[in-house]
Every structure is written in structure tokens, then in C-alpha cells.
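Let's take a walk through a protein structure together.

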Amino acid sequence: MRARLLAAILAALAVILAIYIVAGYGLVALSGERYVKDWISGLGEKYVAGSIKDVGSPEAVTSIVWDYRGLDTLFETGVFFLAVIGTLSLFRGMERGGERGAGKDAGMSLIVKTVTRITVFLIVVVSASIALHGQITPGGGFQGGAALAVAPLLAIVAFGRGALVERGVRETLILGLRSLMVTIIALVALSPLLIGYLRGAEMYIMQNQAKPWAPISLLPGYAADTFLGGTLVVFNVAEFIAVGAAFAAVFLVLSVPEERAREVMGGGGHGR
Amino acid sequence: MGAEVLYANLLYIASLAVAAAIAAVSLYGVARKPNMVKKIIMLSIFGDTANMFAVLLGYRMAPRNAPPVIPVKGTEPLVNVTEYASIAVDPLPQALVLTAVVINLAVTALMVALTIQIYRLYGTLESTRINRLRG
């Protein structure tokens, strides 16, 4: 009964929203004299206009992600890694399974394996390119990391989990890499406070380029003939590896064989 | 000019209305479907619809519009930056959406993991039956 009431309320809200949209734009739209959405917020225009001067990057989206709204992204990274840690802790104790059935016969056919080798290589190259050019062209750490996450998924399906674990792709290794990169992000975000204290200048968390009220730049915004975006490059590379590694770990634990999972959950000091 | 503008306006309003409709359907699914996997699918559709809505709100319709990336050669902008900002689409919703997409993926993975564990423990995915189980 309560669920039905909830559904009715939500449907009513959606109808009200639709009426609001049509009423708000409708009259202007039907006159056909001007576009209903020929404006954006003044804040958005300020970000586009100031991106090169304030951040040292012509790419306004990456500038917002890691500079103008850097604190938002810092905490969103926190939410992301909390979700990943939640997933991993649900499967704790199971990561040692899956070595059985490893070897040349494991996984799919030779054709699939060969194609997967080529594809995984291409995915890694393309995602690294997306991440490393984040301050110049559309792209960045999050997009590159999400693209990189496909590579371990493909490898697990084609070669089998055991083959990967045998070659040293272990959860502990991947998690160590991820934790290292998250630590780098946190250190670079907090380092302006220390630098400001040591040099006696005003600086704020996640500062990038010098501002009139905070006169020290953390890293240069330009080098010879390209944009570097100051700390943007560091954040993008660290986030790229961290996101890719986190998803690789999640896919590895999600692919634990069913018998092993039930074995762990059935007793042995783990599970329930 | 007139017909073209009218067509673009109707298309924009229709996109917003479709986003609202998909949101309503997916929330109905989350509330009313008893199967956990269907709930997860509906929730991820709802998240994507919310993202689409945010990007639509940042769109700028104009005879000339541009992405929020300033064209440069080396470190010199090829255009007047202030003028370019007056035709570019809004970068803020795009920035918020790109992090939201990745976080959605991680949260979906968490929900899938929880659902797998529920199935292993109780042997069912019907939320109405899981509610009645004790222990």
C-alpha cells in the first residue's frame, strides 16, 4: 500500500515537472522567434572565459573538475572509493580462490585470446591518451579511468580469473596502487597549506595557480609551448590510475568462483 | 529562420519532457518491482536520466554554439575568449555529470555485490520474501 502511494506521488511530481517545463518554455517556443535556451548561467560563462587565465588550461570542464570546484571532486572521489571499499569488504576472504583451472586451457578459445590481447593493448593506450590530454582536449582522469576499467573486465572474461592471478594481478597489488594514487591526490590537495605556512604566504586547499590573494603557484600553468594546467596533470594521472585500479579490483572479486564464495561464507572464520 | 527555430525549440522541450517521463517510469520501477535486479536496473536508468537532464539544462541553442574548450594554437587562444564564452555551452553541468557517471558505476557495483550476497544467503531476490525472512 505504501509503495503504491509512493509511486503515485512520484508520478504526480513528474507530471508537475513536465507541466512546469512546457509552461515555462511553451509560449516562447511556439512563437518561433527566438531559441528557448539561448543562454547559459553567468557562472558557466565566467568559467569558460577565465579558464586559461586562472587555471592554465583551455578546457573549461577539467578546470572546473580539478580547480574551480576541486573540493567537490575531492569529496566525490571519497564517495567513489567508499563504494569500492564497501564492495571489496563484502567479498573479503574470497580473494584467494580461483587459482584452480588456471593454465593454457583456461579461458576462451585462442582466437578470442588473441583478439583480446590486441584490444586490451588498444584500450590501455587510448585511455592513457584520454587522461594525459585532459587539460588540452575533452577528457581527464575520470573518463580515462572509466575507459581503462574495461581492459581488466575483458581480460577476466577471455583468459579466466586464474590466469590473471597466476601472472601476479592480485587484489593486494591493485589495491596498493589505488591507495598510493589516492594518497598522492590528498597530498597534492593539502600541500598548499604546508607550502603557505613555510613561506609565510596565504594559500588555500587545492590551490593551483597564483591568485591576487594567494600569490604562490603550486606548479607552472605553461611549459614551452603547451598548456600544463598546473596541478591538473598530476590529479588527472593519479585519478586515472586510481579509478582503473579500483574497478579492476571490483571486477576481480566479482569474478570469484561460486564454490569458493560459498566455501568462505559457509564457515572458516569468515562470512557469517 | 522561423521554422528552424520552432523545430529546435520543440525538440528541446520534447527532450526535457522525455527525461521527466523516463524518470517517472524508473522511479515507479524502483518502488513497485519486487525483484532486486530490476530495482538496480531501474535505479541506474534513473541516474542516467538525471545526468541527461543536467546536460540538457546546460545546453545553449544558437545559430552558432561551441563546446566549452577554447581553440588554441600552442598557448595562444585563436579566438577572443570573452566572445567565445558567449557562444559556448555551459561547462558546469558537464563537469558535475562526468564525476557522477563514474560514481554511479561504483555504487551500482556495490549494489550488485550486495544482491549477490543476498542471493547466496537467502536463495531469493524477491524483496517481498526477503522482508519476511528472519535471521
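## A tour of two chains

With 22 C-beta neighbours inside 10 Å, Met206(A) counts as buried, since 20 or more are enough for that label. Keep in mind that this is a predicted model. You'll find Met206(A) in the loop between helix H9 (171-199) and strand S1 (222-223) of chain A. Its backbone is worth a look too: phi of Met206(A) is near 65 degrees, a positive value in a residue other than glycine.

| Helix | Residues | Number of residues | First to last C-alpha | Expected at 1.5 Å a residue |
|---|---|---|---|---|
| H1(B) | 2-32 | 31 residues | 45 Å | 45 Å |
| H4(B) | 91-122 | 32 residues | 46 Å | 46 Å |

So what comes just after H4(B)? There sits Gly123(B), with a positive phi of about 70 degrees.

Back to H1(B). Which of its residues are buried? They are Val5(B), Asn9(B), Ile13(B), Leu16(B), Ala19(B), Ala20(B), Ala23(B), Ala24(B), Ser26(B) and Leu27(B). An α-helix has 3.6 residues a turn, so residues three or four places apart point the same way. The cover over these buried residues includes helix H1 (2-31) of chain A as well as helix H2 (36-57) of chain B.

Leaving aside neighbours within four places in sequence, Ala54(B) is in contact with Pro93(B), Leu96(B) and Val97(B). As for Thr82(B), which is 28 residues away from Ala54(B) along the chain, the two C-alpha atoms are separated by 24 Å.

Next, see how the chains meet. Chain A puts 63 residues into the contact and chain B puts in 55 residues. On chain A's side, H1(A) gives the most, with 12 residues. That side of chain A divides into 42 nonpolar, 11 polar and 10 charged residues.

What about the inside? The largest nonpolar core has 72 residues, and those touching the most other members are Ile64(A), Ala242(A), Val243(A), Ala246(A), Ala248(A), Ala249(A) and Val250(A). H10(A) supplies the largest share of this core, 18 residues. Apart from it lies another core, of 10 residues, including Ala29(A), Ile13(B), Leu16(B) and Leu27(B). Returning to Val250(A), and leaving aside its neighbours within four places in sequence, you can find contacts with Val84(A), Thr87(A) and Ala109(B).

Last stop: a pair of helices in chain A. Helix H5 (residues 110-132) of chain A packs against H6(A) at an angle of about 170 degrees, with the axes 7 Å apart. H5(A) and H6(A) are therefore roughly antiparallel to each other, as the angle is over 145 degrees. From H5(A), the residues Ile123(A), Val124(A), Val126(A), Ser127(A), Ala128(A), Ile130(A) and Ala131(A) meet Gly141(A), Gln143(A), Gly144(A), Ala147(A) and Leu148(A) in H6(A). Sorted by class, this contact has 8 nonpolar, 4 polar and no charged residues.

Technical notes: Residues are numbered from 1 along each chain as its sequence is written. Chains are lettered from A and ligands numbered from 1 in the order in which they are written. This is a predicted model: local features need pLDDT of at least 70, side-chain atom pairs count only at pLDDT 80 or more; totals for chains, interfaces and linings use all residues. Helices (H or I, at least four residues) and strands (E, at least two) are DSSP runs, numbered from the N terminus. The expected span of a helix is 1.5 Å times one less than its number of residues. A residue is buried if 20 or more other C-beta atoms lie within 10 Å of its own, exposed if 12 or fewer, and partly exposed in between; C-beta atoms are placed from the backbone. Two residues are in contact if their C-beta atoms, placed from the backbone, lie within 7 Å. Ala, Val, Leu, Ile, Met, Phe, Trp, Tyr, Cys and Pro count as nonpolar, Asp, Glu, Lys and Arg as charged, and the others, Gly among them, as polar. A nonpolar core is a set of buried Ala, Val, Leu, Ile, Met, Phe, Trp, Tyr and Cys residues joined through C-beta atoms within 7 Å. Axes are lines fitted to C-alpha atoms, for helices over the stretch in contact, and angles run from 0 to 180 degrees between N-to-C directions. Angles under 35 degrees count as roughly parallel, over 145 as roughly antiparallel, 65 to 115 as roughly perpendicular and the rest as oblique.
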